[in-house]
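Thank you all for coming.

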Amino acid sequence: TCDSGLSRTVVAGVATFTGCKIDKVSPVSPSNPYLIVASASNLSSAESTTVAVIPGAAAKLGFTAQPTTATSSQTFAIQPIVAVQDLGGNTVTSGANSNATVTLAIGTNPATGTLTCTSGLTLAAVAGVATFSGCQINNAGAGYTLTAAATGLTGATSTAFTMSAPAAQITLTTSSSDCGATPPTL
């Protein structure tokens, strides 16, 4: 984006753009930089020199993977992953706060559930990423959210999800004296 807009009128042979910025890091890596192309009607287009965009300073946390509907007391099919991000949502892989300690908790708790993770609820990010594992909530309920917090960074809240009740189990008990008798009623 550019503060002056992406289209400008040429004045004395020059089009001036101001306040231009790219909010996502260079595709794949800084070694694969952006090219900016200028084009105008009836003229050949022109390319800039390469522009490598790297992440900005760590500013916030963001869920890059978050649980969806799951069964209570069973591990989520998608385990929570929290990234240390710059203001543009890019993962900050090095520098200050890239190894921040991230704490996971239940945000909205419609059924007084308890969150547990085999990895623990507090992890140090590695290269800007905290990958939780073995996470589950013990009570069924609709509208749960998770929160992620770290000192010095704006926290994050997951999208809402439902914990469904496990399938009911039916136990049939018979004694040897019941063999050959009328089948039991469920």
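This is a predicted model: local features need pLDDT of at least 70, side-chain atom pairs count only at pLDDT 80 or more; totals for chains, interfaces and linings use all residues.

Let me start with the disulfides, of which a search of the whole structure finds two. For anyone new to the word, a disulfide is a covalent bond between the sulfur atoms of two cysteines. Cys 117 and Cys 135 form one of them, with their sulfur atoms 2.1 Å apart, and the torsion about their S-S bond is about 110°, so this disulfide is right-handed. Cys 117 sits in the loop between strand E7 and strand E8, while Cys 135 sits in the loop between strand E9 and strand E10, 18 residues apart. Are these two cysteines buried or exposed? Both Cys 117 and Cys 135 are buried.

Cys 2 and Cys 20 also form a disulfide, with 2.0 Å between their sulfur atoms, and it is right-handed because the torsion about the S-S bond is about 110°. Both partners lie in the segment before strand E1. Here Cys 2 is buried, at 17% relative accessible area, whereas Cys 20, at 44%, counts as partly exposed. Counting bonded cysteines along the chain, the pattern is 1-2, 3-4.

Now to the aromatic rings, where the search finds two pairs. The ring centres of Phe 76 and Phe 161 are 5.7 Å apart and the planes stand at 75°, so this pair is edge-to-face. Phe 76 belongs to the loop between strand E4 and strand E5, and Phe 161 to strand E14, 85 residues apart. Phe 161 also pairs with Tyr 144, and that pair is stacked, at 6.2 Å centre to centre with 25° between the planes. Tyr 144 lies in strand E11, 17 residues from Phe 161. As for accessibility, Phe 76 is buried at 3%, Phe 161 is buried at 3%, and Tyr 144 is buried at 0%.

Finally, please turn to the largest pocket, which has a volume of about 590 Å³. It is lined by 19 residues, and the closest to its centre are Leu 6, Phe 17, Val 37, Ala 38 and Ser 39. What kinds of residues make up this lining? They divide into 13 nonpolar, four polar and two charged.

Definitions and conventions
Residues are numbered from 1 along each chain as its sequence is written. Side-chain values use heavy atoms; hydrogens and water are left out. On a 1 Å grid over the protein atoms alone, a cavity is a set of points where a 1.4 Å probe fits but cannot get out, and a pocket is an open set with protein on both sides within 12 Å along at least five of seven lines; lining residues have an atom within 4 Å of a point. Grid points are joined across faces, edges and corners, and a volume is the space filled by probe spheres set on the points. Ala, Val, Leu, Ile, Met, Phe, Trp, Tyr, Cys and Pro count as nonpolar, Asp, Glu, Lys and Arg as charged, and the others, Gly among them, as polar. Rings of Phe, Tyr and Trp (its six-membered ring) pair if their centres lie within 6.5 Å; planes under 30 degrees apart count as stacked, over 60 as edge-to-face and the rest as tilted. Helices (H or I, at least four residues) and strands (E, at least two) are DSSP runs, numbered from the N terminus. Buried means under 20% relative accessible area, exposed over 50%, partly exposed in between (1.4 Å probe, protein chains only). A disulfide is a pair of cysteine sulfur atoms within 2.5 Å.
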